[in-house]
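Colleague: Could we go through this model together? I would like to begin with helix packing and then move on to other topics.

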Amino acid sequence: MKAFSVSKAFTALVLAGLVLLPLYSHVSGNIFILTLFTRIVILALAAASLNLIMGYGGMMSFGHAAYLGIGGYAVGILAQEGVGSGFIQFPVALAASAIYALVIGALSLRTRGVYFIMITLAFAQMAYYVASGLARYGGDDGLTVYKRSDFSGLINLGDRVQFYYLCLAGLFGVVLLIWRIANSRFGLVVQGLRSNEQRMQAIGFPAKRYQLVCFVISGTLCGLAGALLANNTDFVSPAVMYWTRSGDLMVMVILGGMGTLFGPVMGAVVFLVLEELLSQITEYWALIMGPLLLLIVLFGRGGIMGLLGRFDRG
């Protein structure tokens, strides 16, 4: 008989809670919780995409939020220009994010360590300032998305429950894709490069090529989160690309557990729920949030999933 696993039980409980949340919202009449968790699910998707390169690939990107903005602006700009079809908006959002990730990756992967971090940050800030200068699309004030993406009646994004389940399906799909990648030959090579790049190159693997492909996949998946976020808020602004948002995504990954499948999901749920609860208590909630996260990281090495794993090992 297999031993009881605390980490698997906790993960299953959280995932079941996410699936059943709309039912609780309907029974309790609490619409806000559905709105809150729709945002959490979308940002969990973005964090999961970052975990692909940061956790599995060892590439510490400090500009991942750029793809959130690119995906969001792709939807917003097309809607502004009269193209409301989700069958056009979403592929354009993914393609634009992939192209930008390809450019960033091709240049930043020539460097290592802090230089890699700074180049990814610089490209994200570049995207931020470009978006701020788009006067036709709101500039600093952002762009209002007056109509959500239209999928020809297949799904109504204006319905809170349908939209929530679309976002949740997107999250589960991305997590499944990351699991398949991580356990594939490609994923094992990427993880090998994280551990010892020189040895992998000596064996004959083209390191930069593998890392670049992984980087582009990660950016594309985050672009999906950006497209969903623009539909969720009916608004997109340059602020979503600011470096602090990239920092938030990194905290979610580290808090949940880098290189674990469901770690970013756990990290996003804990981080954003704490943020919401503390912000209702005091406007200086960040002064409480910071030390709390620091304690979790210091005493829960490996994040939440690492802490639960230690319970499994006794």
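**Helix packing, core and cysteines**

Modeller: Helix 4 (residues 86-108) packs with helix 5 (residues 113-132) at an angle of about 150 degrees, their axes lying 10 Å apart. Axes are lines fitted to C-alpha atoms, for helices over the stretch in contact, and angles run from 0 to 180 degrees between N-to-C directions. Helices (H or I, at least four residues) and strands (E, at least two) are DSSP runs, numbered from the N terminus.

Colleague: Which residues make the contact?

Modeller: Helix 4 contributes Y100, V103, I104, L107 and S108, and helix 5 contributes F116, I119, T120, F123, M126 and A127; contact means heavy atoms within 4.5 Å.

Colleague: What is the basis of the model and its numbering?

Modeller: This is a predicted model, in which local features need pLDDT of at least 70 and side-chain atom pairs count only at pLDDT 80 or more, while totals for chains, interfaces and linings use all residues. Residues are numbered from 1 along each chain as its sequence is written, and side-chain values use heavy atoms, with hydrogens and water left out.

Colleague: Now the core. How many residues has the largest nonpolar core?

Modeller: The largest nonpolar core has 92 residues, and L18, F37 and L68 have the most contacts inside it. Such a core is a set of buried Ala, Val, Leu, Ile, Met, Phe, Trp, Tyr and Cys residues joined through side-chain atoms within 4.5 Å. Buried means under 20% relative accessible area, exposed over 50%, and partly exposed in between (1.4 Å probe, protein chains only).

Colleague: What does F37 touch?

Modeller: Leaving aside residues up to four places away in sequence, F37 touches L18, L21, Y164, V269 and V273.

Colleague: And helix 7, against what do its buried residues pack?

Modeller: They pack against helix 2, helix 6 (160-182), helix 8 (197-203) and helix 9 (207-233). The buried residues of helix 7 (residues 185-195) are G187, V189, V190, Q191, G192 and L193.

Colleague: How many disulfides are there?

Modeller: The count is zero disulfides, a disulfide being a pair of cysteine sulfur atoms within 2.5 Å.

Colleague: Finally, where is S152, and is it buried or exposed?

Modeller: S152 is in the loop between strand 1 (143-144) and helix 6. S152 is exposed, with a relative accessible area of 60%, and its phi is near 55 degrees, a positive value in a residue other than glycine.
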